[in-house]
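Here is a short tour of one protein model, written for someone who likes to check contacts by eye. Have the viewer open and follow along.

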Amino acid sequence: MEALIDVINAVDGFVWGPPMIIILLGTHLFLTVRTGGIQRKLFKAIKMSYKDDAEGATGDISQFGALCTTLAGTIGTGAIVGVGTAILAGGPGAVFWMWLTGVFGIATKYAEVYMAVKYRERDENGNIMGGTMVVFKRAFMDAMGQVPGWAKFGAAAFAFFCALATLGTGDAVQSQAITAILASNIPGVEHWMIGLVITIVVALVVVGGIKNISKVCELLVPFMALAYALGCIVILVMNVDVLWPALQMIVVAAFDPQAAFGGALGSGIIVAMQYGCARGLFSNESGLGTAPIVSSAAQTKNAAKQSLISMTGTFWSTVVMCLLTGIVITSSMIKYPGIISDVNTGTITAGAQLTNAAFTQIPVLGAPLLSLGIVTFALSTILGWYYYGDRCVSYLFGSKAVRVYQILYLVACMLGAVGVGDVVWAVSDIANALMAIPNLVAVWLLSGVIAKETKYYVWEGHLEEQDKMLA
């Protein structure tokens, strides 16, 4: 078993090595320039996200519902456990790279959603089908209606790896997080009991399809995000005397990890970048290609409007939530040296434990607040990622195969609760990289189209114009 774990970790290190970091950050920078610095429209996009499109828009769910569903998949354990894991492996400097990935990743989120909405279609049941797999199919179709073999391969590869990743990243890992936190706080409750409850709740929601999922997420996401953010703010107020040193450490350690806590955490710039970028992608999905699957179902007049709204998801999940968690953990480690001692002695070995050590500094309410955050974040992620897999399986095998996928998803949910090792984090990273590659290829190939239409709709003031070609 140890040999298998070593192999998995080696593969994880390879796929998230310098080449992937260069490709990912390079894409973020390239699309920032190609879209004319679309980040400048962020605050306008935030205002738009709370107002659904007017009459004439087409789609299956509201724009706000689509945003909440994508946020359900992104503001998950990546914003809590993922940040702690990144700091343990890459030092506080990993937080800087996570944040940087988020800032420039806003442009990539805009671009990937743009192409997903532009090329979306309806399946045999009349439901919206969108995402990288559909983009490859429709965008590169020739005049005779034929799809090149390489495009078919790209579509199938993305759909396959995405469907596979949903069972681990979006399901088993999240179920494990919920079970671990509840079992540690409710004496006498077995893991399988918690897993059964989670599985039943998930089953009741997902059988209703995207409309049911989006309604639940609209209620759950704002509440969970606000509650967790308030908890972080309370800790930051308590740690106000060390906030500036904490920020300095995050920036300095990004380029010299050995400078953090005497070199107790982190082992090099590449490691800090690797874990920062990997966890950044895990938390905001920019470049991953998953969020556009939900965003493509939004009711919108044109692709630009929904893309602007969707890109705010990267801002909230990484630029805000992950940064808050990172500062909370780093400042707590400075103020309470005992946390560092626990890391050095092996008492703290997991990201959840590190985050918990910071939150327990809040008297009485700290641990319950963190528990609530992990449970709600993880549950919403399970719901959001289910839809990704649903659409990918439907694309690959037809709508009849969705029922089989639902069963597999619920089984994975239960298995995650009863025992999945930390190695699942590495497996999740690998799956994310493998589906990110075809998505990034599509974005690069269509960047010219995206840039041209962005200039027309966004920069020339035609956002309210309806695109009659949208499904």
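Let's begin with a covered pair: Arg391 and Asp390 are both buried. These two residues form a salt bridge, with 3.2 Å between the closest N and O atoms. Please keep in mind that this is a predicted model.

**Salt bridges**

The structure holds six salt bridges. Side chains of opposite charge can pair when their charged atoms come close.

| Pair | Closest N to O distance |
|---|---|
| Lys305 and Glu464 | 3.2 Å |
| Arg391 and Asp390 | 3.2 Å |

Lys118 counts as partly exposed because its relative accessibility is 22%, and buried would require under 20%.

Lys305 and Glu464 also form a salt bridge, and this pair too joins distant parts of the chain, with Lys305 in helix α14 and Glu464 in the segment after α20, 159 residues apart. How do the two partners stand, buried or exposed? Lys305 has 7% relative accessibility, so it counts as buried, whereas Glu464 reaches 51% and is therefore exposed. Salt bridges with shared partners connect Lys301, Lys305 and Glu464 in one network.

**Helix α14**

The helix that holds Lys305 is worth a look along its axis. Helix α14 covers residues 303–335, which makes 33 residues, and its first and last C-alpha atoms are 47 Å apart, close to the expected 48 Å. Where is the kink in α14 centred? It is centred on Phe315, with a bend of about 30°. Of the 33 residues in α14, 28 are buried, so the helix is mostly covered.

**A nonpolar surface patch**

Now turn to the surface. A nonpolar patch there is formed by Trp192, Met193, Leu196, Ile200, Leu204, Ile407, Val411, Leu415 and Val418, which together have about 850 Å² of accessible area. Helices α9 (191–206) and α18 (402–418) each supply at least two of the patch residues. Which helix gives the most? That is α9, with five residues. On the other helix, Val411 of α18 has a relative accessibility of 41%, so it counts as partly exposed.

Definitions and conventions: Residues are numbered from 1 along each chain as its sequence is written. This is a predicted model: local features need pLDDT of at least 70, side-chain atom pairs count only at pLDDT 80 or more; totals for chains, interfaces and linings use all residues. Side-chain values use heavy atoms; hydrogens and water are left out. Patches are made of residues with over 30% relative accessible area and no salt bridge: like charges are joined within 9 Å, nonpolar side chains (Val, Leu, Ile, Met, Phe, Trp, Tyr) within 5 Å. Accessible areas come from the Shrake-Rupley method with a 1.4 Å probe; for residues, only the protein chains shown count as cover. A salt bridge is a side-chain nitrogen of Lys or Arg within 4 Å of a carboxyl oxygen of Asp or Glu. Helices (H or I, at least four residues) and strands (E, at least two) are DSSP runs, numbered from the N terminus. Buried means under 20% relative accessible area, exposed over 50%, partly exposed in between (1.4 Å probe, protein chains only). The expected span of a helix is 1.5 Å times one less than its number of residues. The bend at a residue is the angle between axes fitted to the seven residues ending there and the seven starting there.
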